[in-house]
Amino acid sequence: MRRIARILLALLLLCAGSAGITHWLGTREDAGPAAIAATDPAAQLDRGRYLASIGNCMTCHTARDGKPYAGGAPVPTPFGTLYGPNITPDPQTGIGAWTADDFWNALHNGKSRDGTLLYPAFPFTEYTNVSRADSDALHAYLRTVPPVSQPSRPPELRFPYDQRPLLAAWRALYFTPGTPAEDSGQSPQWNRGRYLVRGLGHCAACHAPRNGLGATMDGAGLGGGLIPMLDWYAPPLNGAPATGLGNWQAEDIAALLRTGMAAHSTASGPMAEVVQRSTQHLSASDASAIGVYLKSLPSAAPPARHPPPPQASLDAGGKLYAQHCVQCHQASGEGHTRAWPPLAGNPTVTAASPINAIRMVLDGGFAPATAENPRPHGMPPFGQILNDNDAALLVTYIRNSWGNAAGPVTPLEVKRARASAN
């Protein structure tokens, strides 16, 4: 009995670790409302193309140097590796034989064409909020991409994570299909933003904490969380003043989504990839709607209070900052133009977890290349210049200067960040 419980827990934890699809034989659910006939097929295809872009479908369904949407992109997890499936219209190895009803059943109910269950790593827990009209548009568009004959690669998972039938228990605990009705007490713009955030945007997949069984906790609250395996922290998207978007305006959020840069921060790490591949394609109105909706989310809890680091640590960190950082980020921490972002009030710096700031200091990085910012400035890596102790002092300094009041950083945390990057 204890062994069965361990297997169940391990399988459920797998659901939080990656994006991929595999199956467990089950019964087919009703496909939902009848397919909606397109009154303008050309407009429906354009709509589907747009939705595929803002839903970031390409990332999980296209391998490096592979054919678009032909699958094979590896997604490493602590339990093994999963691979994005082929969703081109090839009838044997892709979804060419799928009807609009079949496609809707996958997005809305989390079931494949033959009724088998899909792993919650495929974010049907969010896609269930996608409307039938948008599902049909996506299906119509995917039927126009070049078909590729390439079997979807099965997951390579270690025992007991390869035991599939227990996935049914996870669904019973954590999944109820349904598209929320519009809130008549809110504006059309707010409702549009909520629809995008909770549906194709699947923001909760990264920006909500998960419980021990891999399910998001208060996904609608978007309280932030560590992204499994990637070892980056997705900050809160709620109104937390220090660690979330409390000091942002809706226009700042829209700018970050479309350009990768905003007044308070620059997209980095996994978010830079999301902006480059997906959100830069948002229309101005949709980006603004997301900003309006996110600004309406209250902070779930007051920010944690940390005792100030010892003055000697701040003095040592300040010297390192003056030596390596002040030329770009200024002595005031306000940055310089949009090329060098501010560190004062920057949620990447003041986040509950220091991992993002540590990794930027060690590894450097670039803002995403977007249509409005095609040649972004980059930050050089300092990991070969700074030892673990110096890097910890530097990050502690920037997290506790210019009004920032975040927790200190230890050399052990820096050492772990180095190890996770290798």
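In the predicted model, helix α8 spans residues 188-198, and its buried residues are Trp190, Asn191, Gly193, Arg194, Leu196 and Val197. Buried means under 20% relative accessible area, exposed over 50%, and partly exposed in between (1.4 Å probe, protein chains only). Helices (H or I, at least four residues) and strands (E, at least two) are DSSP runs, numbered from the N terminus. The buried residues of α8 pack against α2 (41-54) and α12 (284-295). Contact here means heavy atoms within 4.5 Å.

Residues are numbered from 1 along each chain as its sequence is written, and side-chain values use heavy atoms, with hydrogens and water left out. As the model is predicted, local features need pLDDT of at least 70 and side-chain atom pairs count only at pLDDT 80 or more, while totals for chains, interfaces and linings use all residues.

Arg192 lies in α8 and Asp286 in α12, so the bridge ties together parts that are 94 residues apart in sequence. Arg192 is partly exposed, at 21% relative accessibility. Asp286 is buried, at 7%.

A salt bridge was defined as a side-chain nitrogen of Lys or Arg within 4 Å of a carboxyl oxygen of Asp or Glu. By this rule, the model holds eleven salt bridges. Side chains of opposite charge can pair when their charged atoms come close.

Asp102 and Arg113 form another of these pairs, with the closest N and O atoms 3.4 Å apart. Asp102 belongs to helix α4 (residues 100-109), whereas Arg113 sits in the loop between α4 and β4 (117-118), eleven residues apart. Asp102 is buried, with 6% relative accessibility. Arg113 is partly exposed, with a relative accessible area of 42%.

Glu156 and Arg153 are joined by a salt bridge of 2.8 Å, N to O. Glu156 is partly exposed at 41% relative accessibility, and Arg153 is partly exposed at 42%. A network of salt bridges links Asp101, Arg132 and Asp136.

The strands β2, β3 and β5 form an open sheet in the order β2-β3-β5, with antiparallel pairing. Its edge strands are β2 (74-77) and β5 (156-157), each pairing on one side only. Two strands pair if DSSP finds at least two bridges between them. Strand β3 covers residues 80-83 and pairs with β2 over four bridges. Thr77 stands opposite Gly80 in β3.
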